[in-house]
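User: I'm new to this structure and would like a close look at its salt bridges. Could you walk me through the charged pairs and how covered their partners are?

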Amino acid sequence: MSVICKLADGFEVEVNEAFLNDMEVVDKLAELAESDNDFASIRILSYVSEKLFGKDGKKKIYDHIRDEKGVVKVDVFENAMAELMNSVSETKNSSSSLQF
């Protein structure tokens, strides 16, 4: 089963609902929250995004936030992921008790 996540600009991507209850994803999110290393944080975020959205969904996100030079900027990706994760939380809060 999938859940639709949305950005404020209307962009939508599906998240595999099974991974919202995956302890490995939760562990990686905990590592991300505790990390002081920017490079490690980006690697964790990349891993989590692929687990949640799949390779195609991750590419869809990259293509959506790619700038005019074709670059997917790290800070823009971080912001998009934060917004998408909040969207997941809002969706899940309306249908269950699981929260991020």
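Analyst: Lys6 is partly exposed, with a relative accessible area of 46%; here buried means under 20% relative accessible area, exposed over 50%, and partly exposed in between (1.4 Å probe, protein chains only). This is a predicted model, in which local features need pLDDT of at least 70 and side-chain atom pairs count only at pLDDT 80 or more, while totals for chains, interfaces and linings use all residues. Residues are numbered from 1 along each chain as its sequence is written, and side-chain values use heavy atoms, leaving out hydrogens and water.

The side chain of Lys6 meets that of Glu12 in a salt bridge at 3.5 Å, N to O. By salt bridge we mean a side-chain nitrogen of Lys or Arg within 4 Å of a carboxyl oxygen of Asp or Glu. Glu12 is partly exposed too, at 36% relative accessibility.

The structure holds 8 salt bridges, so let's visit another: Lys51 and Glu24 pair up at 3.9 Å, N to O. This pair links distant parts of the chain, with Lys51 in helix α2 (residues 38–65) and Glu24 in helix α1 (residues 23–34), 27 residues apart. Helices are DSSP runs (H or I, at least four residues), numbered from the N terminus. Lys51 is partly exposed at 21%, and Glu24 is partly exposed at 47%.

Next come Lys58 and Glu50, whose side chains form a salt bridge at 3.4 Å, N to O. Lys58 counts as buried because its relative accessibility is 10%, whereas Glu50, at 31%, is partly exposed. Finally, salt bridges with shared partners join Asp22, Glu24 and Lys51 into one network.

Conventions: Helices (H or I, at least four residues) and strands (E, at least two) are DSSP runs, numbered from the N terminus.
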